[in-house]
Amino acid sequence: MGRLPGRLLHTTTATRSMMPERKAIESWLTDMDGVLVHEGEPVPGAPEFVNRMKESGKPFLILTNNSIYTPRDLQARLNRMGFEVPEQSIWTAALATAQFLADQRPGGSAYVIGEAGLTTAMHAAGYVLTEFEPDYVVLGETRTYSFEAITKAIRLIDSGAKFICTNPDATGPSNEGALPAAGSVAAMVSKATGVEPYFVGKPNPMMMRSALNTIEAHSESTAMIGDRMDTDILCGLEAGLETILVLTGISTRQESERYPFRPSRIVNSVADLIDEI
């Protein structure tokens with residue numbers, strides 16, 4: 001019995017030595033809302049963090065599940081808050097969805113419910129937007145969901161169109177409170193049709209892989225920074241990235257312990273990561 005502690009110590013040391021060490025971070029992916037921006041204001045230190053990423057020359061992308069806005073719209077929004085971000089450094093669920101469909105069925109057609117961020121991305125991917133026998137029904141975010149448009153989507157899916165949704169978020173923020181988002185509307189369409197959508201945005205690792213491909217980065221040397229365990233961290237984890245949870249948005253340190261998976265580490269904010277770049 002006297003040898004048991006020594007054996008336990010030996011096992012622990014061996015186990016640790018078998019765990020592969022991650023490569024140094026050469027590329028960065030970061031969520032936007034809750035990480036760089038909170039309630040319409042920049043997170044303290046976030047503009048400096050973005051500037052350091054730009055100065056380092058390392059590839060990076062700012063990600064968002066929101067499909068309403070084009071990268072140019074988001075660039076202008078960030079610029080007003082003190083961020084100097086190139087348009088090509090912003091990656092949205094709309095862009096990921098359009099790329100996914102272009103890969104799956106080049107030159108296809110779709111009935112789209114969404115705003116400029118999604119329709120612009122679909123046109124750029126070579127898709128025809130139509131109500132006449134489309135290959136896909138693509139549901140994205142909009143501030144004004146139309147019952148008529150939702151009814152049209154249901155009938156087209158019943159007629160054989162495949163169902164795609166940009167992201168599964170059930171609600172989105174507004175100054176007045178929560179708004180129904182794409183995930184909630186998708187649930188209604190699914191209930192009416194019996195067809196579940198394919199979600200492209202987070203937490204689908206497809207979102208991460210498309211982002212990595214965009215900046216020609218490798219998962220083993222890329223970090224994903226996010227404020228939500230159920231989307232950002234889960235997505236990064238399943239894509240094989242180092243995951244960093246910041247406490248400036250949705251998830252708290254205590255809540256992170258409730259999940260069966262963990263981030264690689266937890267920091268207070270992106271300001272704590274400036275010296276790592």
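Let's start with helix α3, residues 71–80: its buried residues are Pro 71, Leu 74 and Leu 78. They sit on the same side of α3, because they cover an arc of only 60° around the axis, the arc being that of the directions from the helix axis to the C-beta atoms. By buried I mean under 20% relative accessible area, with exposed being over 50% and partly exposed in between, using a 1.4 Å probe and protein chains only. Helices here are DSSP runs of H or I with at least four residues, strands are runs of E with at least two, and both are numbered from the N terminus.

Quick word on the model: it is predicted, so local features need pLDDT of at least 70 and side-chain atom pairs count only at pLDDT 80 or more, while totals for chains, interfaces and linings use all residues. Residues are numbered from 1 along each chain as its sequence is written, and side-chain values use heavy atoms, with hydrogens and water left out.

Back to α3. On its other side, Arg 72 and Arg 80 are exposed. And what covers the buried residues? The cover includes β2 (37–38), β4 (60–64), β5 (90–92) and α4 (93–104). After α3 comes Gly 82, with a positive phi near 100°.

Now, α4 also packs against α8, at an angle of about 85° and with the axes 10 Å apart. Those axes are lines fitted to C-alpha atoms, for helices over the stretch in contact, and the angles run from 0 to 180 degrees between N-to-C directions. So α4 and α8 are roughly perpendicular; that label covers 65 to 115 degrees, with under 35 roughly parallel, over 145 roughly antiparallel and the rest oblique. From α4 we have Ala 93, Ala 96, Gln 99 and Phe 100, and they meet Met 206, Met 207, Ser 210 and Thr 214 of α8, where contact means heavy atoms within 4.5 Å.

Helix α8, residues 205–214, has another partner in helix α9, residues 229–238: about 65° between them, axes 8 Å apart. That makes this pair roughly perpendicular too. Here Pro 205, Met 207, Met 208 and Arg 209 of α8 meet Cys 235, Gly 236 and Glu 238 of α9.

Last stop, Thr 30 in strand β1, residues 27–31. Is Thr 30 buried or exposed? Buried, because its relative accessibility is 0%. Leaving out residues up to four places away in sequence, Thr 30 touches Val 35, Leu 36, Met 53, Leu 61, Ile 62, Leu 63, Met 224 and Ile 225.
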